[in-house]
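Hi,

Here is the structure I promised to pass on. Have a look at it first, and then read on for what I found in it.

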Amino acid sequence: MADQLPEQERRGGPDRVRPAASDSPEGSPRYVAPPLLAAAAIVLLSVNLRPGASSVGPVLEELRSSLGMGGTVAGLMTALPGLCFGAIGLLAVGLARRIGVTTGIFLGIVAVAGGLLGRVLTGSVPVFLAMTALALGGMAVCNVLTPAWIKRHSSDGGVVLMTIYGAGLTLGGALGSLLAAPIASAYAATWGWRAALGVWGAVAVLALLPWLPALVGERRARRGRLPLPRARQAHISTSPTALALTLLFGIQAMNAYVQFGWLPQIYRDAGLSAVHAGALIALLTTLGILGGLLMPTVIARSRTLTPWMLAMGALCVAGYAGLLLAPATVPWLWAVLLGLAGFAFPTTIALITARTRDPQVTARLSGFVQPVGYVLAAVGPMAVGMIHGATGDWTLVLLLLMASGVALGLAGLRVARPVYVDDELAA
């Protein structure tokens, strides 16, 4: 099969040819954002799609005390990101068919800014949760639609913009958790935790600035024209590559949620201090930024991704095995191994554009892979808590997480094939 593909497809890279105007899901003629505007839009968007969720944990105790939030409700709030990313993400493609991808992303950012600012202005727990859900819903819409927007506004198949996007997602999540406590402490006498969470609402408002001219350009290009009818194709779940990508995304997201939620406690139970455990999580996260910068180019230039996918699965297994056998001996090594295995996240995100040609198919694939994957991921942290509570130690948990590394490698082998989802749907 590889011999029948053009050279750039055999290398596993994204399609270098811009889709024709008729391929646009938003109408014809097709508007393409200028490169600098597109880059600025993706930079500001990407760093805003995680802090709203990651900044809550470090100030959760202060937040609960201020609002009188019970433990059960706090548990629900920590589960909201996965639930909203899954449930609202399923609706994103249908929304884009009605109003367009650019408009959908713009409204998503408005929801993020409004929700993050609104929740710090209330003293009501139900309103706080509602505003949090609004912000997370906006993030979910942007999560799904951004790969399709990048595909349509790139001349290189999305390599550069996906590099920016993947690194920005990880950087934004890291900054949210890193800056929350210092900001809350600096404003302890006045706004406290509200300042730590509200600052990201202000940053989200800034993200609207480059998206506004992109929205205006899109609207002018579509003036007097109706949106194109949706192409008649098989359901996205009939594509083996789409199914494998969904499984890969779910496994890596589950591992990420487990690591952020439980890895510090695993280290602390092994005798490390809270500060040391936090530093190890920061090390793991920093490696994720490196993966976001590296993997889109690797996908575009590699003849095969098989060695990379096998390596990620093996590193995942090795990292958890180290935590099981000698968690406090060389704790930084286990964090590094798991951080390198976490390259699976930017790989999966980049493959959504690299394994599709038509931006409509990119949107459909993203709208399937991410919501379903996040639903799978939401089960992981809850299962870890239940298993640890029942057994009293981390042995069974770590053995199961090692098995997830094997599954990650196997799913990666399937998506390593240079196959386009468009072709599988047409077949």
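To begin with the overall make-up: the chain has 18 helices and 0 strands (helices are DSSP runs of H or I with at least four residues, strands are runs of E with at least two, and both are numbered from the N terminus). Please keep in mind that this is a predicted model, where local features need pLDDT of at least 70, side-chain atom pairs count only at pLDDT 80 or more, and totals for chains, interfaces and linings use all residues. Residues are numbered from 1 along each chain as its sequence is written, and side-chain values use heavy atoms, with hydrogens and water left out.

Of the 427 residues in the chain, 56% count as buried (under 20% relative accessible area with a 1.4 Å probe, protein chains only; exposed is over 50%, and partly exposed is in between). If you take the contacts (heavy atoms within 4.5 Å) between residues at least 6 apart in sequence, 84% of them join residues at least 24 apart.

Next, the core. The largest nonpolar core holds 120 residues, and Leu 63, Ile 105, Trp 149, Trp 211 and Tyr 267 have the most contacts inside it. (A nonpolar core here is a set of buried Ala, Val, Leu, Ile, Met, Phe, Trp, Tyr and Cys residues joined through side-chain atoms within 4.5 Å.) Helix H8, residues 125-152, supplies the largest share of this core, with 13 residues.

Now for two helix pairs. The axes of H11 (residues 240-269) and H16 (residues 359-391) come within 7 Å and cross at roughly 30°; axes are lines fitted to C-alpha atoms, for helices over the stretch in contact, and angles run from 0 to 180 degrees between N-to-C directions. The contact residues of H11 with H16 divide into 18 nonpolar, 7 polar and 1 charged (Ala, Val, Leu, Ile, Met, Phe, Trp, Tyr, Cys and Pro are nonpolar, Asp, Glu, Lys and Arg charged, and the others, Gly among them, polar).

Leu 365 sits in H16 and counts as buried because its relative accessibility is 0%. Leu 365 and Thr 246 are 119 residues apart in sequence but 9.0 Å apart in space, C-alpha to C-alpha.

The other pair is H9 (residues 159-186) and H15 (residues 344-354), which pack at an angle of about 145° with their axes 10 Å apart. Met 162, Tyr 165, Leu 169 and Thr 170 of H9 meet Phe 345, Ile 349, Ala 350 and Thr 353 of H15. H15 is largely enclosed by the rest of the structure, because 11 of its 11 residues are buried.

Last, a serine and a cysteine. Ser 404 is in H17 (residues 395-415) and is buried, with a relative accessible area of 8%. Residues that Ser 404 touches, not counting those up to four places away in sequence, include Cys 316, which is buried at 3%. The disulfide count comes to 0, taking a disulfide as a pair of cysteine sulfur atoms within 2.5 Å.

Cheers
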